[in-house]
Amino acid sequence: MALCASSVRYVRIYVIPSLCCAGVALPQAPCAVLGTTAQKGHLFICLFQVVHTHKPHFMALHCQEFGGKNYEASMSHVDKFVKELLSSDAMKDYNRARVYLDENYKSQEHFTALGSFYFLHESLKNIYQFDFKAKKYKKVTGKEIYSDTLESTPMLEKEKFPQDYFPECKWSRKGFIRTRWCITDCAFDLVNIHLFHDASNLIAWETSPSVYSGIRHKALGYVLDRIIDQRFEKVSYFVFGDFNFRLDAKAVVETLCAKATMQTIRAADTNEVVKLIFRESDNDRKVMLQLEKKLFDYFNQDVFRDNNGTALLEFDRELSVFKDRLYELDISFPPSYPYSEDSSQGKQYMNTRCPAWCDRILMSHSAKELILKVSMAGEGIPWQY
């Protein structure tokens with residue numbers, strides 16, 4: 001089934017705090033399609049606010065590190081969370097749902113800790129999901145939950161990145177889940193993705209671009225090649241999740257600390273650099289930045305929030321490699337990571353990493369053209385991100 005723009009009614013793309021959200025309008029008159037990506041936080045509250053405010057007809061929620069960092073202890077609560085979400089009063093008008101949870105943490109070879117949720121409003125008619133094994137679409141009815149071993153589920157493709165992509169990590173959970181949908185005559189892929197993080201601020205600071213940026217580049221390129229290979233018909237696609245994109249650390253530090261002097265502290269036994277301290281040349285040599293493996297302590301966090309961090313966007317360079325393959329709306333919000341996990345300090349960044357726009361919504365150029373045609377036709381509302 002080919003993507004058909006003629007039946008599209010309107011488009012809405014936007015972001016809400018701490019959750020990265022994308023909405024795309026596809027056929028059904030009119031039909032709102034919403035996509036959301038999140039790691040953790042007040043999911044119920046945010047999700048219900050989206051439902052109440054925007055009333056989407058098709059809603060996708062992509063989660064990474066589902067079950068949290070202590071997944072062995074937390075995974076037992078996942079089933080309760082899912083059941084409460086599906087049966088909640090706020091979701092009563094969504095009479096069809098598909099939930100895919102990678103819960104099998106005992107399988108090191110396959111475990112990704114990804115969770116993909118799809119909710120269909122009762123007013124949405126004739127929606128189909130693609131069976132990747134049978135290579136045909138099946139009508140979506142009822143509510144179904146799939147967990148544990150997703151490798152045998154034909155309605156999705158799931159892969160964990162090979163270990164040699166990120167050899168520094170003994171057991172990585174990074175990977176992707178892909179589903180394909182069709183509403184009337186419009187087919188599209190939704191890809192839940194989790195790319196590799198920066199394991200050390202000190203290593204990230206050494207080169208520009210960093211070695212970690214190269215690892216993410218390789219993994220994202222692999223995903224894009226997979227979803228447009230010759231096995232299946234090519235359709236428009238939306239990729240949203242935790243890309244772990246970081247600012248160019250070396251360039252950021254050199255800019256923020258342009259007039260500072262650097263002190264290097266080494267381990268006594270190995271002579272390895274364990275800390276960098278940047279001090280002002282005057283002003284009583286005030287400490288501006290302290291950098292360790294898991295410490296990024298800059299004295300003034302306002303620089304990351306002022307004017308939505310616009311001054312730092314020039315250092316957000318990782319996506320530029322894929323400009324011929326992927327499109328993203330202009331960023332108009334502060335860096336989404338790493339906000340404090342203390343609910344009383346929700347607007348503060350943790351002093352662990354340089355703030356960055358890690359959670360993103362990207363789309364193929366054919367997907368961009370689809371919604372752009374609708375926007376230019378004046379049938380919709382302005383794009384928002």
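Which residues does Asp131 touch, not counting residues up to four places away in sequence? Select Asp131 and you'll find Lys136, Lys138, Pro154 and Met155, where contact means heavy atoms within 4.5 Å. A heads-up before going on: this is a predicted model, so local features need pLDDT of at least 70, side-chain atom pairs count only at pLDDT 80 or more, and totals for chains, interfaces and linings use all residues. Residues are numbered from 1 along each chain as its sequence is written, and side-chain values use heavy atoms, with hydrogens and water left out.

Stay on Asp131, which sits in strand S6 (residues 127-131); strands are DSSP runs of E, at least two residues, numbered from the N terminus. Asp131 is buried at 3% relative accessible area (buried means under 20%, with a 1.4 Å probe and protein chains only). Its side chain makes a polar contact with the side chain of Lys138 at 2.8 Å, and also reaches the backbone nitrogen of Lys133 at 2.9 Å. A polar contact here is a pair of N or O atoms within 3.5 Å, one able to donate a hydrogen and the other to accept it; residues adjacent in sequence count only if both atoms are side-chain atoms.

Zoom in on S15 (residues 287-292), joined to S16 by four bridges. There, Glu292 stands opposite Leu295 in S16.

How values were computed:
Two strands pair if DSSP finds at least two bridges between them. Buried means under 20% relative accessible area, exposed over 50%, partly exposed in between (1.4 Å probe, protein chains only).
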